[in-house]
Amino acid sequence: MLNLYNSYTNSLREVELSKDEVKIYLCGPTVQSSPHIGHGRSSVVFDFFIRYLKYLDCNVQFVRNITDIDDKIIIKSAQQNIEFQELAKKVAAEFKDAYDSLNCLTPDIEPKATEYIDEILNYIKKILDKDMGYVSESGVYFDTAAFSDYLKLSGRKLDEVISGTRVDILDDKKAPEDFALWKFAKEGEPYWESVWGKGRPGWHIECSAMINAILGKDIDFHCGGNDLIFPHHENELAQSKAAYPDNEFVKHWLHNGMINLSGKKMSKSEGNIKILKDYIDQYGGDVLRFYFLRAQYRSPQEFSEELLIESKTTYKKISDFVIDSKPQPKNDELLSLFEECMNDDLNTPKLIGEIFTQMNNATNLENGMLDDIKATVKYIFEILGFTFKKNVTKKVSIEDTEKFFNQYEIIFDSVEQAMSEFLKIREKHRVEKNYQIADEMRTNVLEIGIKIEDGNKDGWSWNNN
RNA sequence: GGCGACGUGGCGGAGUGGCUACGCAGCGGUCUGCAAAACCGUGUACACCAGUUCGAUUCUGGUCGUCGCCUCCA
């Protein structure tokens, strides 16, 4: 009963799953510059989805690509005076760090475009063999006129596409809307050999070729940001249908909404990007995940530091609620609510509301019931990829932290151990009514970013606002 | 210009033809050595104008406004 919005039909559709094999392809990044909040949203939101499918006992095959060759990478690496591979490698590592910090599942396969050049060339050949592409002076192009269903995914009309201001009208293309499958290398550009000439793959062909090579002719879900619908996914669909006209290619097209800053889309071209790492370092992966959980994945989501702080506060309420519980599926009502919300096009904001309602009611329940609710809430959040690990602020160095504890003759091993001893010392002062010393300790520990809350079960937390 | 999405209380964000969503913030209180946390209480919001209806935030039509895409984008 999983219902998801399909961008191809523009409607909510019931998903029929064969649990033995669910194939998912997520359009990953072009590794040209550091990941921003928008990349984080796309990866986390589809991570919720994949984790949910696994919860439903699906055998998921998850592939996310890395585009490690394209015009921007060439330009940027030239500006930095390094090889394009070096830039791609460096940025790919940043993406990996971000994905890991956000606790996103690692794809089963994470192919890079440059590792699939042979497959790409064969795929282009297949398109040419079907007379749906042609070779010209600047490259090999897809002949959009030969594909009758072109623009069906994005729902555009041809004359509108042509009238777009950014269409690069090259004289050697049959039609302005034809797009490159293979770009011939200009002086000094990286290239691979091909029967048509030295060059590099166009942006869209790698996905068609890699999906085919890794997952096969048909996949269940193709995911990505909604800014990829046109032209990227439209062109990908055209290529795949051209090569394999009898296959559906993609059962469900899923697209996430954009991150907005003061109402405007965050994007490289707008120059208003927020670097993901800065916020992960400060708030931790769980808080970022919770922030993404607060919006339905297709809606535009506003980003601001205030909203992140709010996410932190709200998430803390949940993590405090479940702090002494083991994650277990104890409460059936709550589990049904969870499935109901997720089945409804991954309505995670609704889920949060339902969980809080249950939490609020739970305070009046007898202990056994309360424990079941706690265990189930924790279980649900762990399914959704939350770790409940204390966020370590990276604002204060380990050395300073050690030095701080040494003042109290505490040998630093881990923050947890040191804080436990620190709290014991302070508690002794409190018992002896040395309130001044106890209060000073509370104030001082703020230096290393730790906030003590006497009434809180946990006793302390990182205070990294 | 074309296509699409959307306009809910201070903010974020669900949902529904008649019943408190929820969270944050705010306000009042309990508790507390203090601070915080926690807990209790507290908010009649659904862009505008018509129409359908016993009744519309929810359906229909229109108006206004916001945002996205239109080959750089997650």
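**Exercise 1. Describe how helix H8 packs against helix H10 in this predicted model.**

*Solution.* 
Step 1. Two packed helices are described by the angle between their axes and by the distance between those axes.
Step 2. Helix H8 covers residues 276-283 and helix H10 covers residues 305-321. Their packing angle is about 35°, and the axes lie 12 Å apart.
Step 3. The crossing of H8 past H10 is right-handed.
Step 4. On the H8 side the contact involves Tyr-279, Gln-282 and Tyr-283; on the H10 side it involves Glu-305, Leu-308, Ile-309 and Lys-312.

**Exercise 2. Determine at what angle H8 packs with helix H9, and which residues meet.**

*Solution.* 
Step 1. Helix H9 spans residues 285-293. The angle between H8 and H9 is about 115°, with a distance of 7 Å between the axes.
Step 2. From H8, the residues Leu-276, Tyr-279, Ile-280 and Tyr-283 take part; from H9, Gly-285, Val-287 and Leu-288 do.
Step 3. The contact of H8 with H9 divides into 6 nonpolar residues, 1 polar residue and no charged residue.
Step 4. Tyr-279 and Tyr-283 may now be located in both lists: they meet residues of H10, and they also meet residues of H9.

**Exercise 3. Classify the ring pair of Tyr-55 and Phe-338, and state where its members lie.**

*Solution.* 
Step 1. Rings count as a pair if their centres lie within 6.5 Å. By this rule the model has 30 aromatic pairs.
Step 2. For Tyr-55 and Phe-338, the ring centres are 5.3 Å apart and the planes stand at 70°.
Step 3. An angle over 60 degrees counts as edge-to-face; the pair of Tyr-55 and Phe-338 is therefore edge-to-face.
Step 4. Tyr-55 belongs to helix H1 (residues 37-55) and Phe-338 to helix H11 (residues 332-343).
Step 5. Phe-338 has a relative accessible area of 0% and is buried.

**Exercise 4. Apply the reasoning to Tyr-279 and Phe-303: how are their planes arranged, and are the residues buried or exposed?**

*Solution.* 
Step 1. The centres of the two rings are 5.0 Å apart and the angle between the planes is 80°, which makes an edge-to-face pair.
Step 2. Tyr-279 is in helix H8, while Phe-303 is in the loop between strand S13 (301-302) and H10. The residues are 24 residues apart, and the pair links distant parts of the chain.
Step 3. A residue is buried when its relative accessible area is under 20%. Tyr-279 has a relative accessibility of 10%, so this residue counts as buried. Phe-303, at 3%, therefore also counts as buried.

**Exercise 5. Find which residues form one aromatic cluster, and which charged end sits over the ring of Phe-388.**

*Solution.* 
Step 1. The cluster consists of Phe-48, Phe-290, Tyr-315, Phe-381, Phe-386 and Phe-388.
Step 2. Over the ring of Phe-388 sits the charged end of Lys-378, at 5.5 Å from the ring centre.
Step 3. A further arrangement involves Arg-64, which lies over the face of Tyr-99 at 3.6 Å from the ring centre.

**Exercise 6. Examine the backbone at Pro-231, Leu-151 and Leu-346.**

*Solution.* 
Step 1. The peptide bond that runs from Phe-230 to Pro-231 is cis, its omega being near 0°. Pro-231 is part of helix H7 (residues 229-243).
Step 2. Leu-151 is not a glycine, but its phi is positive, near 80°. This leucine is in the loop between strand S6 (139-142) and helix H5 (158-163), and Leu-151 is buried at 4% relative accessible area.
Step 3. Leu-346, likewise not a glycine, has a positive phi of about 55°. Leu-346 is in the loop between H11 and helix H12 (348-362), and counts as buried at 4% relative accessibility.

Note on methods. Residues are numbered from 1 along each chain as its sequence is written. Chains are lettered from A and ligands numbered from 1 in the order in which they are written. This is a predicted model: local features need pLDDT of at least 70, side-chain atom pairs count only at pLDDT 80 or more; totals for chains, interfaces and linings use all residues. Side-chain values use heavy atoms; hydrogens and water are left out. Axes are lines fitted to C-alpha atoms, for helices over the stretch in contact, and angles run from 0 to 180 degrees between N-to-C directions. Helices (H or I, at least four residues) and strands (E, at least two) are DSSP runs, numbered from the N terminus. A crossing is left-handed if the near helix is turned anticlockwise from the far one by less than a right angle, and right-handed if clockwise. Contact means heavy atoms within 4.5 Å. Rings of Phe, Tyr and Trp (its six-membered ring) pair if their centres lie within 6.5 Å; planes under 30 degrees apart count as stacked, over 60 as edge-to-face and the rest as tilted. Buried means under 20% relative accessible area, exposed over 50%, partly exposed in between (1.4 Å probe, protein chains only). A charge sits over a ring if NZ of Lys or CZ of Arg is within 6 Å of the ring centre and within 35 degrees of the ring normal. Ala, Val, Leu, Ile, Met, Phe, Trp, Tyr, Cys and Pro count as nonpolar, Asp, Glu, Lys and Arg as charged, and the others, Gly among them, as polar.
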